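This report goes through a few parts of one structure. Please keep the sequence and the model in view while reading.

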Amino acid sequence: MSCVERNGDQFIVDARELAKAFDLTADETRIRMQAGQIAALCECGEGDDSGRWRLTFRHQGRALRMIVDTHGEILSKSTFPVGHPNVVTRTQSPATREEPVPTRRDKT
């Protein structure tokens, strides 16, 4: 069995493949997938990428990305760090202060 199989419009990825990427056991991976702790995204290629799909899995600051063909054959695979999808990043310009500076009015 290949670690990625196509089932209609969906792909089924062997839990052992995800487990390796996220340093989990296959059972832990299944449990976390069912609990929604591992996010999955499947994107269909267009134009030059037609006939390819990008499968991305995210868990605790890590991502596994696989590019697969129409049969589920892995064309490329990578893992990399990512920010948590529910964390809002806040940027602050150097001119902005963390706390407002109190203003002082002189009475005459």
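Where is the place of Thr29? Thr29 is in helix α2 (residues 26-34); helices (H or I, at least four residues) and strands (E, at least two) are DSSP runs, numbered from the N terminus.

## Basis

This is a predicted model, in which local features need pLDDT of at least 70 and side-chain atom pairs count only at pLDDT 80 or more, while totals for chains, interfaces and linings use all residues. Residues are numbered from 1 along each chain as its sequence is written, and side-chain values use heavy atoms, with hydrogens and water left out.

Thr29 counts as buried because its relative accessibility is 0%; buried means under 20% relative accessible area, exposed over 50%, partly exposed in between (1.4 Å probe, protein chains only). Not counting residues up to four places away in sequence, Thr29 touches Ala15, Leu18, Ala19, Leu24 and Ile38, contact being heavy atoms within 4.5 Å.

In α1, 6 of the 8 residues are buried, so the helix is largely enclosed by the rest of the structure. Ala15, Glu17, Leu18, Ala19, Ala21 and Phe22 are the buried ones. Their cover includes β2, α2, β4, β5 and β6 (74-81). Asp23 follows α1 and has a positive phi, near 55°.

## The nonpolar core

A nonpolar core is a set of buried Ala, Val, Leu, Ile, Met, Phe, Trp, Tyr and Cys residues joined through side-chain atoms within 4.5 Å. The largest has 15 residues, and Val4, Phe22, Leu55 and Phe57 have the most contacts inside it. At least two residues of this core come from each of β2 (10-13), α1 (15-22), β4 (52-59) and β5 (62-69).
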